[in-house]
Amino acid sequence: MRIEILGKNYSLSNKLKEVVTQKLTKLDKYFDDDAVAKVVCSTVKGERYVMEVTINLDKKLLRAEETSDNMYNNIDLIIPKLTRQIRKYRTKLSKRVKEDIFVNVEQPKAEDFKKVVKSKSFEIVPMTQEEAIEAFELIDHDFYVFLSKETGRVNVLYRREDGDYGLLDPIY
């Protein structure tokens, strides 16, 4: 597994790079050699340290994020999270393979599936990010969908845990 470590408003020490590389190589047994782990280290308001680890796995994305007062604690907290996600993914794969082996598999019941209980249609209005933030603050939802005037694509605005906003800008 190839490991890319980036600092965003944070200067990375060689010791931190070594520790992160050493801890992430423990996950090598789960991946092929072409897997890429991207680690982003940053600070929040200069006091808290954030570490995000993203691993692409067979068109699936494994991601863990931790915030604490020490970057070394973050990697220690992220490794178990990633391990749980990997085990969950591998269990799903093995169950799927086992189910495919049997021809007379019992069909799942309708109540076993989650279903859409409410559907809503709305008009998407072209607007800037600032206008979308203003509109988002007026409604009591977890996200806000709008058409970006700048890109002409559908965007999703959401509130982050730190109170700031996040923007999803899909490329299609």
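A pocket is found on a 1 Å grid over the protein atoms alone: it is an open set of points where a 1.4 Å probe fits, with protein on both sides within 12 Å along at least five of seven lines, and its lining residues have an atom within 4 Å of a point. Grid points are joined across faces, edges and corners, and a volume is the space filled by probe spheres set on the points. The model is predicted, so local features need pLDDT of at least 70 and side-chain atom pairs count only at pLDDT 80 or more, while totals for chains, interfaces and linings use all residues. Residues are numbered from 1 along each chain as its sequence is written, and side-chain values use heavy atoms, leaving out hydrogens and water.

Let's start with the largest pocket, which holds about 640 Å³ of space. It is lined by 16 residues, and Glu52, Arg63, Glu65, Arg160 and Asp162 are the closest to its centre. Strand 2 gives the largest share of this lining, four residues (strands are DSSP runs of E, at least two residues, and helices runs of H or I, at least four, numbered from the N terminus). By class, the lining has seven charged, five nonpolar and four polar residues; Asp, Glu, Lys and Arg count as charged, Ala, Val, Leu, Ile, Met, Phe, Trp, Tyr, Cys and Pro as nonpolar, and the others, Gly among them, as polar.

The second largest pocket has about 320 Å³ of space. Among the residues lining it are Phe122, Ile124, His141 and Tyr144, and strand 6 gives the most, three residues. Here the classes are eight nonpolar, one polar and two charged.

Now to the interior. A nonpolar core is a set of buried Ala, Val, Leu, Ile, Met, Phe, Trp, Tyr and Cys residues joined through side-chain atoms within 4.5 Å; buried means under 20% relative accessible area, exposed over 50% (1.4 Å probe, protein chains only). In the largest core, of 24 residues, Leu24, Leu27, Phe31, Met51 and Leu82 touch the most other members. Helix 2 gives the most to this core, six residues. A second, separate core has seven residues, including Ala132, Ala135, Phe146 and Leu157.

Finally, look at helix 3 (residues 129-138), where Ala132, Ala135 and Phe136 are buried. Seen down the helix axis, the buried residues of helix 3 fall within an arc of 105°, so they line one face; the arc is that of the directions from the axis to the C-beta atoms. The face turned away from the buried side carries the exposed Glu130, Glu134 and Leu138.
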